[in-house]
Amino acid sequence: MQRIEHIYIDGAFVTPHGSEWFDLFNPATEEVIGQVRLGDAEDARHAIAAAKAAFPAFSRSTRDQRIAVLQRMQAAVAAREDELFEALVTEYGAPVSRARWMAAYSHQVIGEVAATLADYAFERQAGSARVVMKPLGVAGLISPWNNNAGFILGKLATAMAAGCTAVIKPSEMSAIQTRIVMEALHEAGLPPGVVNIVNGRGDVVGTQISAHPDVAKISFTGSSAVGRAILRGGAETLKRVTLELGGKSPTIVLDDADFATAVPLTVGAGFMNSGQACIAGTRILVPASRLAEFEEAIVGQVRATPAGDPRDPATAVGPMVSAKQWQRVQGYIRRGIEEGARLLVGGEGRPDGITRGWLVKPTVFTDVRNDMTIAREEIFGPVLSVIPYRDEAEAIVIANDTPYGLHAYVLTGDAARGARVASQIEAGRVLVNTLTHEPKAPFGGFKQSGIGRENSHYGLEAYLEPQAVLVG
Ligand code: NAD
């Protein structure tokens, strides 16, 4: 049992003013594995005050000084990779291969930001004006539970690269990861007040940060509903806002695709991060002429993608993070059946032979219409919808018929055709015949999947404001 008692303000571990204790679970066993003491609005205000006090000096630090700080952070987090890996398996239920990737990402992302900073032109000429990119001020960074450490560190490194100071509100369900990150950042010897971390509830600490006049910028990853609330909360003080929200991404299987490669990619995209991925390809668009062939292939592939104990290297799909999330996913499976979609594989309940843990049967529906609830709403679990289409033009219409626009996948035997289709998709990122991540490319959503971009100079500029200086 871990008891996580401290938050991090002004370079020190402090006991929060808030006194609520929140249980932490192992989603694979449903056992309570720890407790975290949550901060409250007063703690958030202290953290914001510390970040505000640290801003003038940190905003004047040089590029080289900031690169050195980021390198120390990267080394300190890398030294904790194994601990983060353990936390990701135990506290989040990530299957071991996924957890290893996530633990490594947590420090690699800092290196990516340092490389961006090394090349970035903070000053440029625009006609007769000198344009200087200035840090915005205090940044409020709010993360979800499906990659808590990675999101915190990516956002924090970018904010710091810009010269901003930060107040972080991590997911309250990921407090073990947060503790490890907090200790690593302390070991990295950052100037006090540059980074402050307050565990707490979203509607307490999160709302305080997103409405506080001394916070200039919010970067939020999470659900669209909370994203809207944050936008409203920041409106009064005209905060700069980056929102990385949900998705209902299409996987367009073109009629020339080789199913031997396309079907594993489809299932990989759909069940990524146990289905708890904003970028999961959950609407699978299949040519009606090849539907039966595709259905047979995907059933075989799903059976080879088992859900189970995240510590078993054979497991591809781990548990849902919480009982609430498990029930939500079950509700969507019921809804799909009620709405008349045909269950191809999976269904309600736990996978066969599993009696505990928030595990879901990897599930695929077929004959889904794009207006069914399971095709419109983000389920955030391993539940996929196969939607037949007549021709390429119809596939593109269906792909774009969604309020979301985060990601899309195109699978084809002809890469040039894939690129042509990709250019017609309304999504922030389109992957053709691959699931590879490109950290140098912008990441973010069209439409209701968000506002703004992360990664590379696109992400850095979200923490900067151009100032034009003209001298007569
Ligand atoms: P969530 O929106 O419920 O919570 C995210 C964070 O916001 C948590 O730290 C939470 O405590 C906080 N929060 C809750 N209410 C708040 C409020 N009123 N004001 C301020 N903060 C508040 O999301 P979740 O359930 O933790 O994560 C799942 C969601 O995140 C999914 O919808 C998923 O698509 C999305 N997501 C998006 C991306 C992306 O990059 N686009 C990545 C991962 C997850």
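Ala, Val, Leu, Ile, Met, Phe, Trp, Tyr, Cys and Pro are counted here as nonpolar, Asp, Glu, Lys and Arg as charged, and the others, Gly among them, as polar. By this classification, the shell around the ligand in the predicted model comprises 13 nonpolar, 10 polar and 4 charged residues. Of the 27 residues around the ligand, those that come nearest are Ser143, Lys169, Ser223, Leu245 and Glu378. On its own the ligand has 850 Å² of accessible area, of which the protein covers 88%. Two or more residues of the shell are given by each of helix H7 (202-211), strand S11 (217-221) and helix H8 (224-235), and the largest share, 3 residues, comes from H7.

An open sheet of 7 strands is arranged in the order S15-S16-S17-S14-S13-S18-S19, and its pairing is mixed. Strand S15 (342-345) and strand S19 (429-432) form the edges, each pairing on one side only, and neighbouring strands of this sheet are turned against each other by 25° on average, direction ignored. The pairing between strand S18 (residues 407-411) and S19 is parallel and extends over 4 bridges; here Val410 stands opposite Val432 in S19. Helix H11 (residues 323-338) packs on the sheet through contacts with S15, strand S16 (363-366) and strand S17 (383-389), its direction making about 25° with that of S16. Helix H13 (residues 392-400) also packs on the sheet, where it touches strand S13 (249-253), strand S14 (281-287) and S17, and its direction makes about 145° with that of S17.

A further open sheet consists of 3 strands in the order S1-S5-S4, again with mixed pairing. Its edge strands are strand S1 (2-4) and strand S4 (21-26), each of which pairs on one side only, while neighbouring strands are turned by 25° against each other on average, direction ignored. S4 and strand S5 (residues 31-37) run antiparallel and are joined by 6 bridges, with Val32 in S5 as the bridge partner of Phe25. Helix H3 (residues 81-92), which packs on this sheet, touches S4 and S5, and its direction makes about 95° with that of S4. Helix H6 (residues 175-187) likewise packs on the sheet, touching S1, S4 and S5, with its direction at about 65° to that of S1.

Technical notes
Residues are numbered from 1 along each chain as its sequence is written. This is a predicted model: local features need pLDDT of at least 70, side-chain atom pairs count only at pLDDT 80 or more; totals for chains, interfaces and linings use all residues. Side-chain values use heavy atoms; hydrogens and water are left out. Two strands pair if DSSP finds at least two bridges between them. Axes are lines fitted to C-alpha atoms, for helices over the stretch in contact, and angles run from 0 to 180 degrees between N-to-C directions. Contact means heavy atoms within 4.5 Å. A residue is near a molecule or strand if one of its heavy atoms lies within 4 Å of it. Accessible areas come from the Shrake-Rupley method with a 1.4 Å probe; for residues, only the protein chains shown count as cover.
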